[in-house]
Amino acid sequence: MNHEEQIILYAANQLDEQTRADFEKHLADCADCQADLIFWKSVADEIHASDSLVPAPAQLADSALEVIHQPNKLARALRSTGQLLRMQILIIHNELWIGSAALMFIFLAMALLVERVEVLYFFAPMIAAGTVTLIYGSENDPAAELTFATPISPWKVLLARLTLVSAYNVFLAGCATLVLLLIIPPQALGEFILGWLAPMTFLSALALMLSLWIGTGNALFIAYLLWSAQYASLISFGEWFAFASPWLETYRQFWQNPAMLFVFGFALIVFALWSSGRDQVQWRRSITM
Amino acid sequence: MQTADLAIHWNPQETQPAMTQPAEDLELIHRMQAGDDDAVRDLYAQFGQRLYAYALRLTNDPASAEDVTQNTLVTAWRTANKFRGEGRLIAWLLGIVHHTAMKAIRNTPQFLSEAEETIPEILPTPEEQAQVKEEKRWVRDGLQSLSAEHRAVLELIFYQGLSLNEAADVLKIPVGTVKSRLSYARQHLRGVLSRTEENWR
């Protein structure tokens, strides 16, 4: 160990007894080492003085323990999702739950009465589309301004409500389907469910997207018009509509193609979620006016 | 100043942070491994000030120093089984502080330079209080003008009471580099001193 090191360790009080004593003997005769020691001692003093004044924050151990006992990311995400969903149940109109259940009941009774499953095919998507147009925007949401003030982004709020309402719609239609097992053979069940689920998905997505951009009333009108148009040929319009029948046929096939309906439906939902945060959409415009 | 004066006025207990016994170190670690929350509180009560002081020197920002210290406790808890008692617990903990602080500084590249600018100017000492304070001032100024890596070596040895080898472990550099940093720090501070003395005359 050279002298410079010894001086530093001496100033830092890290020499053992023996080395320390030996070094002090040397120090007595060495002016250079004395000067160096004074220098290192003032450095040590200054560092020690300033560091001792640093106060340790009081609550760090407890906040560290909080981090240590924090549930993992997945559990946290699930919990905050649960909170968001519960919050949205309170905000969505009560009438919506009761109304759509009542409508479903009426149409189910009608289907049983006439023994035609087509009644459900026709009305289940319409009920679903009707409900989703009512879940978002200042005209439907009494707490719309509050919704924008929360740190949760609009698309998450919209997705939460859409999830809740859609799940409810599927549940209602599913219940109706079970009752209709009275008049349909069990082996046709899968096809039957797809028969209303696919159009329901697309029509709901379309109605949701439209309701964001042009308002609930307009969205309902257009969605119902487009939906009913496929049944146009069921009613006889007369000879002079014949030229339109090939187009009508193509159009009707679209509504009977589950794959296409799902793909376009999900695309519309993504678009609706994206547009939920944009200024142009209906609810924001009506608030700023 | 005579050697005798140095020896007399040099009270080791004043300048040296309390050293812990290896047995106590291991007991704390075992309690953390066993999931004892109070071990974290005891650890913090015992070493918190020193860990926070070192974090503050490295980051120059109280908020990030708090984050670094908190993360150090969390890391110590999660990696308690890696501490086998070969060295002192404080050295191991300071190594975690150093690693965590460097990561934090890397993630905010502007941070160090900005923070250094915000260090308040030290008020000039009244002349009548003269040389003792003047001497302190140049040391303080000199220390602040040192780079973080040189300052870190001085902190570890003079405040934390680490040996050269322990400091090398904390900084993840060879002992030779620790020594050369000390030499550099001495040269640098001496340079500041001589300039100050010239101005003073």
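Two residues are in contact if their C-beta atoms, placed from the backbone, lie within 7 Å. The legends below describe close-up views of a predicted model.

**View 1. Chain B is built from eleven helices and has zero strands.** Along the sequence, the pattern of chain B reads α-α-α-α-α-α-α-α-α-α-α. Contacts in chain B between residues at least 6 apart in sequence join residues at least 24 apart in 69% of cases. Chain B has 201 residues, of which 36% count as buried.

**View 2. Chain B meets chain A through 37 residues of chain B and 28 residues of chain A.** On the side of chain B that touches chain A, at least two residues each come from α1 (3-9), α2 (12-15), α4 (37-59), α5 (62-78), α8 (130-145), α9 (148-159) and α11 (175-200) of chain B. The largest share of this side, nine residues, is supplied by α4(B). By residue type, the side of chain B that touches chain A consists of 20 nonpolar, nine polar and eight charged residues.

**View 3. Helix α4(B) packs against helix α6 (residues 89-107) of chain B.** The axes of α4(B) and α6(B) are 10 Å apart and form an angle of about 30 degrees. Angles under 35 degrees count as roughly parallel, so α4(B) is roughly parallel to α6(B). The crossing of the pair α4(B) and α6(B) is right-handed. From α4(B), the residues in this contact are F47(B), R50(B), L51(B), Y54(B), A55(B), L58(B) and T59(B). Their partners in α6(B) are I90(B), L93(B), L94(B), V97(B), H98(B), A101(B), A104(B) and I105(B). The residues of the contact of α4(B) with α6(B) comprise twelve nonpolar, two polar and one charged.

**View 4. T75(B) lies in helix α5 of chain B.** Leaving aside residues up to four places away in sequence, T75(B) touches I96(B) and T100(B). The C-alpha atom of T75(B) is 9.5 Å from that of V97(B), a residue 22 positions away along the chain. V97(B) is also one of the α6(B) residues that meet α4(B). T75(B) counts as partly exposed because it has 17 C-beta neighbours inside 10 Å.

**View 5. N60(B) sits in the loop between α4 and α5 of chain B.** Its phi is positive, about 65 degrees, although N60(B) is not a glycine. Is N60(B) buried or exposed? A residue is buried if 20 or more other C-beta atoms lie within 10 Å of its own; N60(B) has 22 within that distance and is therefore buried.

**View 6. K172(B) belongs to the loop between α10 (164-171) and α11 of chain B.** K172(B), a residue other than glycine, has a positive phi near 55 degrees. K172(B) has 11 C-beta neighbours inside 10 Å and so counts as exposed.

View 7. For chain A as a whole, the mean pLDDT is 83, with 86% of residues reaching 70 or more.

Technical notes:
Residues are numbered from 1 along each chain as its sequence is written. Chains are lettered from A and ligands numbered from 1 in the order in which they are written. This is a predicted model: local features need pLDDT of at least 70, side-chain atom pairs count only at pLDDT 80 or more; totals for chains, interfaces and linings use all residues. Helices (H or I, at least four residues) and strands (E, at least two) are DSSP runs, numbered from the N terminus. Ala, Val, Leu, Ile, Met, Phe, Trp, Tyr, Cys and Pro count as nonpolar, Asp, Glu, Lys and Arg as charged, and the others, Gly among them, as polar. pLDDT is the predictor's confidence in each residue, from 0 to 100. A residue is buried if 20 or more other C-beta atoms lie within 10 Å of its own, exposed if 12 or fewer, and partly exposed in between; C-beta atoms are placed from the backbone. Axes are lines fitted to C-alpha atoms, for helices over the stretch in contact, and angles run from 0 to 180 degrees between N-to-C directions. Angles under 35 degrees count as roughly parallel, over 145 as roughly antiparallel, 65 to 115 as roughly perpendicular and the rest as oblique. A crossing is left-handed if the near helix is turned anticlockwise from the far one by less than a right angle, and right-handed if clockwise.
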